[in-house]
Amino acid sequence: MKLVLSTEQQELRAAVRAFLSAASPVSKARDGYDPQVYARLGGELGLSGLIVPEEYGGAGAGLTELAVALEETGAALLPGPFLATAFAAITLSGVPDKELLAGIAEGRIAATVHASEVAYDGATATGRLGQVLSGMEADVLIVPAGADDGPVLLAVELAGPGVSRSPLETLDITRGQAEVVLAGAPARLLGPVPETGVFERMCVALAAEQLGVMRAALDAIVAYAKIRVAFGRYIGSYQGVKHKLADMHAKLEQAESIVRYAAWAADESPADLPEAAALAQAYVGRACFEVARDHLLLHGGIGYTWEHDAHLFYKRAKADEVLLGPPRLHRARLAELLEL
Amino acid sequence: MKLVLSTEQQELRAAVRAFLSAASPVSKARDGYDPQVYARLGGELGLSGLIVPEEYGGAGAGLTELAVALEETGAALLPGPFLATAFAAITLSGVPDKELLAGIAEGRIAATVHASEVAYDGATATGRLGQVLSGMEADVLIVPAGADDGPVLLAVELAGPGVSRSPLETLDITRGQAEVVLAGAPARLLGPVPETGVFERMCVALAAEQLGVMRAALDAIVAYAKIRVAFGRYIGSYQGVKHKLADMHAKLEQAESIVRYAAWAADESPADLPEAAALAQAYVGRACFEVARDHLLLHGGIGYTWEHDAHLFYKRAKADEVLLGPPRLHRARLAELLEL
Amino acid sequence: MNLAEYRRAARQWLQENVPSGDYPEAEAIPRAKEFMAKLYDAGYSGISWPKQWGGQGLTQAEERAFAEEARDFTLPTYVFSIGLGMTGPTIVDRGTDAQRARFIRPLLRGEEIWCQLFSEPGAGSDVAGLQTRAVRDGDHWIIDGQKVWTSVAQHADWGLLLARTDVEQPKHKGLTMFVVDMHHPGVTVRPLKDMSGRANFNEVFVDAVPIPDEHRIGEVNDGWSVAVTTLLHERLSISAGVGMSGQKENPAALGALRKEVDTSDPLVRDQLVELHIRSRALELFNERLAQETKAGVFPGARGSAAKLLLAELTQFQADLATRLVGPEATLAGHPLARAISMAPGMALGGGTNEIMRNIIGDRVLGLPPEPRVDKNVPFKDLKVGTQG
Amino acid sequence: MNLAEYRRAARQWLQENVPSGDYPEAEAIPRAKEFMAKLYDAGYSGISWPKQWGGQGLTQAEERAFAEEARDFTLPTYVFSIGLGMTGPTIVDRGTDAQRARFIRPLLRGEEIWCQLFSEPGAGSDVAGLQTRAVRDGDHWIIDGQKVWTSVAQHADWGLLLARTDVEQPKHKGLTMFVVDMHHPGVTVRPLKDMSGRANFNEVFVDAVPIPDEHRIGEVNDGWSVAVTTLLHERLSISAGVGMSGQKENPAALGALRKEVDTSDPLVRDQLVELHIRSRALELFNERLAQETKAGVFPGARGSAAKLLLAELTQFQADLATRLVGPEATLAGHPLARAISMAPGMALGGGTNEIMRNIIGDRVLGLPPEPRVDKNVPFKDLKVGTQG
């Protein structure tokens, strides 16, 4: 089990962090998706192809590296289809499709996934999909469909014919969703739905983003507690604030440990992955929202204003907490895996 | 709905409190059952007959008054069969038995109850009963038995023939339990098991004791926080302590409100009693243990010593929390009543 | 007329006069003023306020009886609530007779709307740390500064404003209270959006606004004691309203939530039980406080526990509800998306949870105070606001 | 010999020499001493301690390798843990050569048992508030006072004792460290029962006990800095041991608990899931700290988070387990009755949860300190202990 980052992984983290703090700091998050930032993210940093196998032009890295990147994009509340495309790349690892993987690796294609099955007639797909993550920004949708030999995965061009999509306003104003209606949209068959590991890896990827969100939220309120004065003292000197921040830090330490473990399991120990992935969503999702909530509350009135960034973290944390289903599903999965 | 005490009820409270603070303060709790204190409790204060109907020589008061008394005996961690006898008196309200009720009212008889059915042949009872509350101190046990027309209640003299009992050491060193074995013990038929209200009233009575335990625990740690110094300041001036005490106070306010409500429901609004009783056990039982736990922890090292009284509250609170079954049973009952 | 009769008459008046249904937003203020005038003329505004200044001169009993009857109606009086609950009582308590004569009757009759200008960006929990300055200039004062969290400022005719008149004094001792004309061109009101995207508050910028000395309330440099009067009335009016009435329409409350979720799942059911337990616990505590108040035992600082618990319950239930409902709950149109966005408001308005805990600890439990570093330092030497 | 070989040899030695099985309580100490001598003679006691004073003079790498191998065995060395973990390192760091020559080798070889005498009834979290006095008398010091929470004092030959030598100085500046002979007739050791009824600690009464000046450690009035050295070693040795090894035998841990409860109930199952989540979260955090330490990144104050979380987990799981099991769990013979009685110990020994949160806030997060009222006041004018 490996829970600490290698030197290379630390360098990756530093590079992504430095890039985002210049190109897409939190203060830009509410401006929405910036294709130029994405182009550089894919190009200069090669993040779009991070987990794409080398044979398709990617870096062939693992979930551990992806988690490092997602922690930083989470901390910056990066708008746009980064997480969605990561979900797509994870999904494609089970049905490697040269065109899509190469496109993702080059940063040409943004993709997304959806879990609901659509109808497939061998050439086109039909169905109505609610809450498609980054559905307005993605170029391609990967979606399951029933077939005679079991469910298959399809790829649909979202800008193509037979597709209509409309943006959905959501709680998280830094990252949108869309309703996508497929009415005989040309669909390419990718292969059978992989039997294991895809949903679990998505759980780990999301937990990595959540780790970043909670770390940045904690950093923000710790910084504020050092400069905000009440009754002649910095608020961070009051135990009422300090002890809460200490508890938040303790949660962060545990969350990071779990994310590292789950990413390691995804890369090195498939047998541990199901438990690790469910653990990651069950613990990190909750911890992230709790930290984001308390970071907002400890800001006092200013944290309640639209202008302040606190609510962006709070809302991203809440949206992420339920993104892969109500939290009890992950807990129920744990109960199964523990054979309770 | 009546949630505040009448003048008479406040006088009752003051009388019981004054009596116990002189005759049975917490510092005496670990000495165990003192029959002389009980004699005066029944005699001077008439507490043993509080809810016994006037026709049997009692005061004919309601659960509201009993709750006032139990809050005080709880606060004093009164050892012995007071709660057990209250349970018995509650049970007898459904099968009024002159001899027992008069004996309880006069303070002559201490009684207890047990929920497990024994075998009954029309004259004697046989069965093994674990964890009989105050089973060593009680004179009479009231216990259900199966019969052709449905379950009945029996009274068994615990000092009589066919009964063997052995003390059980328990977590709560201020109030014991016993294992009671009935082997053809003479048993008197009291009547059919009352259909409703007995268990609920026991829940309310226990909640009243728990309210007293938590109030006394909070009082103790508040008093200590005003005299204990660390780093040159009274510990109660630190927000780390103060804010926790404030939360404990908030729990106490809610617990008292619930106990008053549940007692009112028992006396005046039977339709509300089932929900009120389950609510009382679900909320007050938990709140009592949490307050007792935090009161112990906030004492620091001294609270961990055998000599200090903190652990007496902690252990009584834990024993009470599960006395009428694992807490989830009360929650499950609530779910049913709310038709969830 | 005995109290029961009074109550019946009030109820009948309310039934006959409270407007039902909505009207266009643009008409809200004129309609509200119209209703308020009718209410006043019927004798139901300022029921327990002194007769001399325009009140009815009756007792708290009538005031309470009317409030209880009014609970079943939705009175369009929100815009007057600051005046009726806080600034009006302050002027009655601490104003001069000339001020009372000038301000109280129009306030009670809804002819003039009031707001309250205490909080500042750098002075939230610590109101006395405010930096808005008032400098004497002959028989006027010139005010400069910025206020925040000001409800109804956009409609207000008058504002009760606390300003610093002496920076050489310790912070509580250099403040003075004024009445400011909200129509003066130096007063700029800007809507302040909260995190749910709605503008329920305002920022108010005060730029070289002159105030005649006769609009000073209380002595120079004694503004803090006047503010304490106002805040006391605020607390009373919040704790009276704190109840749980908002719960009825709350989509995260049990009544609404149980229809949205899968109650065949025992875990969901148990979460709803937890919500029921917490809601009932607070509901019964509020009811007990109300019964005590009726019996003449005033809750005082104990009301802070009810406020704290309500803030926690509000946050808990919105959080729980979104978790139970899942992804759908994060769609902007879903009532729970709004509930989770509004939830922190209850913990931040009217004193943070930390301030409530301090109040409970200090005033209910009598715990020793925190050592104060800001008591005897001249304001100009004190750390305030946000600084490195 | 490379590290792998060292490790293999250590393992083999442990397999051959660690006594298995229990022996009568009366024999525990002689047997422990016997084993310790063997351990020392084999070169496994004081592995990284200076050769000059009786250690092996090897590196932390060997020390760690041995500790890791030893984890799989139960070494009867509890009675030496204070000496090895705290007082010994203090004497190595801060003692004179004469003191090192006199005390270290017998300590490492288990010939002499040590205890530590810092805490007092009136000085727990705030150790520097202690009141035990040391008064100079020629070339001796006379000690009077009372210590508490002293592990293994009943077996100890020597105690490291912190006493006040100057009440005119602020509290941290008037303390001096001594080595006290635990066999002196003025030293009385009384067992102190904890809330579970077991005597794991002692009270130590010190009545006019003379200590020669050559048994003073460090300068006069510089005892606090010596104590900080000791406490640093204590923290290291606690955080090394903090892990979760006790979990294996804990009746409230998931492994044991799942066999005791009705897992057909979905609510029970979900509670066990919660326990699993919390346990795994801490287990993985401990593992991560261990891996960082191995990689040369020392956790420092971050270890306080692990201690805090362990205290909370210990309390949580004992509480949960008793609730799930129900009334039976409160029978004295039930393992959970013991677990719930012992649970608070983890939160109280080695620093309360509040102290841990202060450490995390101050040293990990770099938050501003609490204003200190006790820094520059002569001790005699300071509030200490328990007083009205």
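A:Phe231 is partly exposed in this predicted model, with a relative accessible area of 22%. That residue sits in the loop between β8 and β9 of chain A. Its phi is positive, about 55°, although A:Phe231 is not a glycine.

There is a second case, in chain D. D:Val152 also has a positive phi without being glycine, near 50°. The residue lies in the loop between β3 (140-147) and β4 (158-164) of chain D. D:Val152, however, is buried, because its relative accessible area of 4% is under 20%.

Now the interface of chain A and chain C. On the chain A side, 44 residues are in contact, and they meet 52 residues of chain C. The two chains bury about 4000 Å² between them, and carbon and sulfur atoms account for 62% of that. A:Phe231 comes back here: together with A:Tyr304 and A:Arg328 it supplies 22% of the area that chain A buries against chain C, more than any other three residues.

On polar features, 19 residue pairs are in polar contact between chain A and chain C, counting pairs with both residues at pLDDT 80 or more. The rule finds 6 salt bridges across this interface. One of them joins C:Glu354 to A:Lys244, with 3.8 Å between the closest N and O atoms.

Which elements of chain A supply at least two residues each to the side that touches chain C? They are β8 (229-230), β9 (233-234), α8 (273-298), α9 (310-323) and α10 (327-337). The most comes from α9(A), with 8 residues. By type, the residues of this side of chain A are 22 nonpolar, 10 polar and 12 charged.

Note on methods:
Residues are numbered from 1 along each chain as its sequence is written. Chains are lettered from A and ligands numbered from 1 in the order in which they are written. This is a predicted model: local features need pLDDT of at least 70, side-chain atom pairs count only at pLDDT 80 or more; totals for chains, interfaces and linings use all residues. Side-chain values use heavy atoms; hydrogens and water are left out. Contact means heavy atoms within 4.5 Å. Buried area is the accessible area (1.4 Å probe) that two parts lose on being put together, summed over both. A salt bridge is a side-chain nitrogen of Lys or Arg within 4 Å of a carboxyl oxygen of Asp or Glu. A polar contact is a pair of N or O atoms within 3.5 Å; within protein, one must be able to donate a hydrogen and the other to accept it, and residues adjacent in sequence count only if both atoms are side-chain atoms. Helices (H or I, at least four residues) and strands (E, at least two) are DSSP runs, numbered from the N terminus. Ala, Val, Leu, Ile, Met, Phe, Trp, Tyr, Cys and Pro count as nonpolar, Asp, Glu, Lys and Arg as charged, and the others, Gly among them, as polar. Buried means under 20% relative accessible area, exposed over 50%, partly exposed in between (1.4 Å probe, protein chains only).
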